[in-house]
Amino acid sequence: MTSYAFIGAVSQGLVYGLMALGVFLTFRILDFPDLTVDGSLPLGAAVSAMGILAGLNPYVSLIPAVLAGFLAGVVTGVLAARFGILHLLASILTMTALYSINLRVMGNRPNISLIGQPTVFEPLKRLGLSSSLAALVFFLIVLALAWLFLVWLMRTEFGQALQATGDNPKMIASLGVNVRVTVIVGVGLSNALVALAGALVAQNQGLADVSLGVGTIVVGLASAVVGGTIVSGRRSMAVRIAAVALGSVVYRLAVALALQLKIGSFSFNPSDLNLITSILVIGALLVPKLRAKPKPLKSHA
Amino acid sequence: MLKLSGLYKTFGQGGPNEIVALRGLDLLVKKGELVTIIGSNGSGKSTLMGCVAGSLAVDAGTIVLGSANVTAWPERRRASLISRVFQDPLSGTCASMTVEENLALAHRRGRPRGLRRGILKGEREFFRAALAPIGLGLESRLTDQVGLLSGGQRQALTLVMATMVRPALLLLDEHTAAQDPKTAALTMRLTMELVERDKLTTLMITHNLNQALEYGQRLVMLNQGRVVLDFAAEAKATLTVKSLLDHFLASAERGDSFSDSQLFN
């Protein structure tokens, strides 16, 4: 792998690590499989891009992007927690609605170019970093801050209630916690992180695209799975969260390697990525079940 | 003091599977009293617990606890006054969280959860002091995941959690039913220690007639959603399992043909 490809893969891993942290928050902490992310990732990209085109400072453009992602999550959370719609279905409804909303946000265009526009990477570039290194350093800083934020949040009373809500909602409700509000805020925070990832991806690749989010949830799960494999066993929350971010980087490196693989005349296309990722996640979900001994059939002897 | 007046609760109203679980249940529990509640399946025991705790809303009637009419309060608001221990030892604790995290969650029962630290510095000492008397060595396992504990240890932890902030009312919902006799005896011993230490007003549902006779100042039997037998301390003292069983069967046969509860003083 060339150093250019390596830096690119690590950068991608870091920025999508933010998204993976969001997926971890819903899927692992809240036990709430949330497909909203497939819509909130391009939502963040669209809002930030439109903000920049409207003359907003690229840093400032991240604020409405994050808020939009939070709101998208709140919609899913309200549908599921307040109105009792199955969480998967609630998130699919929001995701589907977001497709139209994202097109509206982008002025009914499927994509917006940010080529030649100012980005959040400018200050680092001015320090003399190449654009690919600038992105890498910036993503590393943002991801580290997101990690710190989540580790801090999980130690607060609210974070503890959030973990308890995912583990045993009946118990935490009997202790006086408003489980609905906890779920709604949790799903909102998750999608805020995902939208932030979307905004940064758009600024990095100079393009906000309505199809940016396809397969986001699966990639997020893959990162969580890979991270969980790297640091298996009983670990503190801080290590588990860091593992998800690390998993995202390892996942991107593995993908980059796979794409370079040549077996005879066969090689992978970038379009094979979704298939490979899905198989990876399926495998990871099946391994514990295959390891467990099959239940013996009941006999009436 | 807990005053239940004319509680009604129907499930599946008007449907083919309509079940009237409570039909005008009245019960007055004095402060500091431990009342054991028995009754056959479907007599309304668990519905009663749900209605008092607030996880179920009553169709009619009032629930007064102390000086507050809590009938319209949601479960999370009642949590400031009421602690509940469930039958399944797994349902009272969070398996993926540590012993101290579970205790800290319970320490904040009924309070809003903000952005302060989930476990404060001085709290661990308090937790150790709360766990030491139960003699299971949990005070040295504060950072162990609760999922690693046995069912008996988890139910003991749940009891400590339920009583660490003194509740105005403690609800025990067949909390030893899922345990083997030895563990159940241990859980009951701990329950009585905690109840007597804080003179807790307690409702205890049980299927175990021996338990119902042995513990508490009063024994109440439900049938068809009403209190049908009510033994105060002296009458309760003369009861045996056999005489209780006779009452049990007799009242089950009579069904709901009599409306006023029989009082045995």
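Two residues are taken to be in contact if their C-beta atoms, placed from the backbone, lie within 7 Å. On that basis, in this predicted model, 28 residues of chain B touch 21 residues of chain A. On the chain B side, the elements giving two or more residues are helix 2 (75-78) and helix 3 (99-107) of chain B. Helix 3 of chain B puts in the largest share, four residues. Sorted by class, this side of chain B comes out as nine nonpolar, nine polar and ten charged residues.

Over in chain A, helix 1 (residues 3-29) and helix 9 (residues 179-205) pair up. Their axes come within 8 Å and cross at roughly 165°. An angle over 145 degrees counts as roughly antiparallel, and helix 1 and helix 9 of chain A are therefore roughly antiparallel to each other. The crossing of these two helices of chain A is left-handed. Helix 1 of chain A brings V15(A), Y16(A), L18(A), M19(A), L21(A), G22(A), L25(A) and T26(A) to the contact, while helix 9 of chain A answers with residues including G186(A), V187(A), L189(A), S190(A), N191(A) and L193(A). In the contact between helix 1 and helix 9 of chain A, 14 residues are nonpolar, six are polar and none is charged.

D31(A), in the loop between helix 1 and helix 2 (37-53) of chain A, has a phi near 55°, a positive value in a residue other than glycine. N108(A) sits in the loop between helix 4 (87-105) and strand 1 (111-113) of chain A. Because it has 8 C-beta neighbours inside 10 Å, N108(A) counts as exposed.

Back in chain B, there is an open sheet of four strands, in the order 2-1-4-5, with antiparallel pairing. Strand 2 (19-29) and strand 5 (68-69) of chain B stand at the edges with a single partner strand each, so one side of each has no neighbour in the sheet. Further in, strand 1 (residues 2-11) and strand 4 (residues 60-65) of chain B pair in the antiparallel sense over five bridges, and L2(B) stands opposite L65(B) of strand 4. Helix 1 (residues 45-53) of chain B packs on this sheet, touching strand 1, strand 2 and strand 4 of chain B. The direction of that helix makes about 65° with that of strand 2 of chain B.

Definitions and conventions:
Residues are numbered from 1 along each chain as its sequence is written. Chains are lettered from A and ligands numbered from 1 in the order in which they are written. This is a predicted model: local features need pLDDT of at least 70, side-chain atom pairs count only at pLDDT 80 or more; totals for chains, interfaces and linings use all residues. Axes are lines fitted to C-alpha atoms, for helices over the stretch in contact, and angles run from 0 to 180 degrees between N-to-C directions. Angles under 35 degrees count as roughly parallel, over 145 as roughly antiparallel, 65 to 115 as roughly perpendicular and the rest as oblique. A crossing is left-handed if the near helix is turned anticlockwise from the far one by less than a right angle, and right-handed if clockwise. Ala, Val, Leu, Ile, Met, Phe, Trp, Tyr, Cys and Pro count as nonpolar, Asp, Glu, Lys and Arg as charged, and the others, Gly among them, as polar. A residue is buried if 20 or more other C-beta atoms lie within 10 Å of its own, exposed if 12 or fewer, and partly exposed in between; C-beta atoms are placed from the backbone. Two strands pair if DSSP finds at least two bridges between them.
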